[in-house]
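Keep the 3D view open while you read.

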Amino acid sequence: TFEHVDQEDTNRSSTAEEDQAAAAAEAKKKNDKKPLLFKKKESERAAMARKSSYAYKKTSEEAEEWLELDVQGPSSLQRKQVELAIQSQSQESLVTHSPPESTSDKDKGKDKQNNSACFVRSLDYLPTTTNFDWDTQTTATSNPLIPVVKRLTKMLQRGVPVTYSTIRPHYPPTIDDVDLLTALSSCANIIRGNWVLQSRLLSYRPDIQRARNLVLYLFHSRGYVERIGIERVYEENPSVASEQIEMILRQLAIPGWRLKLVDNPQFCNRFPEQSQLHNQYWERLGKRFAKELKIYDECIQEEHTFGS
């Protein structure tokens, strides 16, 4: 018989099918493998082209927080309620306190020292407290410096740097330098002897406020800012676009990104204690910006290396 021949043909067919299936599986496995790619570092020109594109602008706008605007009349009840709520919140957030009138020069000197304690608290933006040597019932709502702080905030609302010699003539001699500096410290910061409104009092989103604080720190510590470094810090953050960084810089600096006002060492020499307290605040802020400053410095070093 030829059964052994038929059996041999069957074995050969099954073996061929298995070989074909194995070859197909191997080919599929090779096709599934992804090639190893190396991403080239984005050049400055490519980054500018990407950020100027419509897609990038649309992504940035979608990432922004939008609030619905409810318009009310100037004498409406809703507007009065909102104004009262804002005034109440503003008074509670103030951390400066003015002690009551003292009856002796010794008490007045003690009160000035207490003002320094308030000054330190204002730099840390701590909540209102009444743990002082004078009357513990004195709160921000009864503080005579509140109108001064409100007026200072309005004066500095543009966000540009202002000298103390410009601010001082707007207040009568009854408000001495210590009280005026105490009020200033609750709403502004010293930048190389000049005053700039705190970012938290501007109508910016929190991420823009933080970016402005970084710019202020660089102005105070180094005297200038290199825009490319700031853009590198926030290149992965679409909510802080290049246009917003330019807005902050133009608000504070002249072309070349140096502060609009020259350094004012006369103020620092005249009020060394207040200047030292603000310097301590900037040192603490620099530690909070350690990650951003590292990215900034690496970018500047790269630019200088390739530029040379």
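Here is a short briefing on salt bridges, a strand hairpin and cysteines. Keep in mind that this is a predicted model. The structure holds 11 salt bridges, while a search of the whole of it turns up zero disulfides.

**A salt bridge that starts at the hairpin**

- D263 and R192 make a salt bridge, and their closest N and O atoms sit 2.9 Å apart.
- D263 is in the loop between β4 (258-259) and α12 (265-270), and R192 is in the loop between β1 (188-191) and β2 (194-197), so this pair ties together parts that are 71 residues apart in sequence.
- How accessible are D263 and R192? D263 is partly exposed, with a relative accessible area of 42%, and R192 is partly exposed too, at 24%.

**The hairpin itself**

- β1 and β2 run antiparallel to each other and pair over four bridges.
- Look across from N189 and you'll find V196 of β2 standing opposite.
- The hairpin of β1 and β2 has two residues between its strands, and R192 takes a positive phi there, near 55°.
- Which way do the side chains of β2 point? N194 and V196 go one way, W195 and L197 go the other way, and all of them are buried.

- E302 pairs with R232 in a salt bridge, with the closest N and O atoms 3.5 Å apart.
- That pair links distant parts of the chain: E302 belongs to helix α14 (residues 290-307) and R232 to helix α10 (residues 227-233), 70 residues apart.
- E302 counts as partly exposed, at 26% relative accessibility.
- Some salt bridges share partners, and in this way R227, E231, E246 and R250 are joined into one network.
- R205 and D207 also meet through their side chains in a salt bridge, at 3.4 Å from N to O.
- D207 is partly exposed, with a relative accessibility of 22%.

**What about the cysteines?**

- How many disulfides does a search of the whole structure find? The count is zero.
- C187 is buried, and its relative accessible area is 0%.
- C268, on the other hand, counts as partly exposed at 27% relative accessibility.

How values were computed
Residues are numbered from 1 along each chain as its sequence is written. This is a predicted model: local features need pLDDT of at least 70, side-chain atom pairs count only at pLDDT 80 or more; totals for chains, interfaces and linings use all residues. Side-chain values use heavy atoms; hydrogens and water are left out. A salt bridge is a side-chain nitrogen of Lys or Arg within 4 Å of a carboxyl oxygen of Asp or Glu. Buried means under 20% relative accessible area, exposed over 50%, partly exposed in between (1.4 Å probe, protein chains only). Two strands pair if DSSP finds at least two bridges between them. A disulfide is a pair of cysteine sulfur atoms within 2.5 Å.
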